[in-house]
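Work through the exercises below with the sequence and the model in view. Try each task before reading its solution.

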Amino acid sequence: MNIDPAATAWLLASTALVLLMTPGLAIFYGGMMRTTGVLNMIMMSFISIPVVTVAWLLVGYSLAFSDGGAGGFLGGLSNAGMSGIGPETLHGQVPELLYATFQLSFAIITAALVSGAIADRAKFGAWMVFVL
């Protein structure tokens, strides 16, 4: 199967737009906080980016999208650490690395959205452990 250039371009644009939502969400949540917690709130959103990225690349993508145990409810670890996925592998008609990045962007924004529920109630270190 060949790569569809239009689908690939749309997925790239969509990924970029979703990733831009995280800093916007940080500023939005920061604006709703008391002045004493603004920096903590912004950092909670921003730290979601690297922490979720590492977790997603190591095991998240594999558990979500590879075939595996648990009767199809949970994937296996066949793609742990993104093994077996390269520039030539496809997911449908788009490169699988791009598809994984697209899904990663939603994992990041989901973790950042949860931070709004615990605004002014959690310490930064506890948040990092929770996000992981």
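The exercises that follow concern a predicted model and go from the overall fold to single residues.

**Exercise 1. The fold**

Task: State how many helices and strands the protein chain has, and in what pattern they follow each other.

Solution: 
- Step 1. The protein chain contains 4 helices and 2 strands.
- Step 2. Along the sequence they come in the pattern α-α-β-β-α-α.
- Step 3. For the extent, take the principal axes: the C-alpha atoms fill a box of roughly 55 × 35 × 20 Å.
- Step 4. The protein chain has 132 residues, of which 39% count as buried; the cut-off for buried is under 20% relative accessible area.

**Exercise 2. The salt bridge**

Task: Find which residue forms a salt bridge with D120, and work out which parts of the protein chain the pair ties together.

Solution: 
- Step 1. The count of salt bridges comes to 1.
- Step 2. The partner of D120 is R34, and their closest N and O atoms are 2.8 Å apart.
- Step 3. Side chains of opposite charge can pair when their charged atoms come close.
- Step 4. Next, classify both residues by accessibility. R34 has a relative accessible area of 56% and is therefore exposed. D120 has 36% relative accessibility, so D120 counts as partly exposed.

**Exercise 3. The largest pocket**

Task: List the residues that line the largest pocket and say how they divide into nonpolar, polar and charged.

Solution: 
- Step 1. The space in the largest pocket is about 160 Å³.
- Step 2. Its lining consists of V52, A55, W56, G60, A107, T110, A111, V131 and L132.
- Step 3. Two elements, α2 (38–65) and α3 (96–115), each give two or more residues to this lining.
- Step 4. The largest share, 4 residues, is from α2.
- Step 5. By residue type, the lining has 7 nonpolar and 2 polar residues, and no charged ones.

**Exercise 4. A surface patch**

Task: Identify the residues that form a nonpolar patch on the surface, then decide whether L58 counts as buried, partly exposed or exposed.

Solution: 
- Step 1. The patch is formed by V54, L58, V59, L63, F73, L74 and L77.
- Step 2. Together these residues have about 690 Å² of accessible area.
- Step 3. L58 belongs to helix α2.
- Step 4. The relative accessibility of L58 is 49%, so L58 counts as partly exposed; exposed would require over 50%.

Methods:
Residues are numbered from 1 along each chain as its sequence is written. This is a predicted model: local features need pLDDT of at least 70, side-chain atom pairs count only at pLDDT 80 or more; totals for chains, interfaces and linings use all residues. Side-chain values use heavy atoms; hydrogens and water are left out. On a 1 Å grid over the protein atoms alone, a cavity is a set of points where a 1.4 Å probe fits but cannot get out, and a pocket is an open set with protein on both sides within 12 Å along at least five of seven lines; lining residues have an atom within 4 Å of a point. Grid points are joined across faces, edges and corners, and a volume is the space filled by probe spheres set on the points. Ala, Val, Leu, Ile, Met, Phe, Trp, Tyr, Cys and Pro count as nonpolar, Asp, Glu, Lys and Arg as charged, and the others, Gly among them, as polar. Patches are made of residues with over 30% relative accessible area and no salt bridge: like charges are joined within 9 Å, nonpolar side chains (Val, Leu, Ile, Met, Phe, Trp, Tyr) within 5 Å. Accessible areas come from the Shrake-Rupley method with a 1.4 Å probe; for residues, only the protein chains shown count as cover. A salt bridge is a side-chain nitrogen of Lys or Arg within 4 Å of a carboxyl oxygen of Asp or Glu. Buried means under 20% relative accessible area, exposed over 50%, partly exposed in between (1.4 Å probe, protein chains only).
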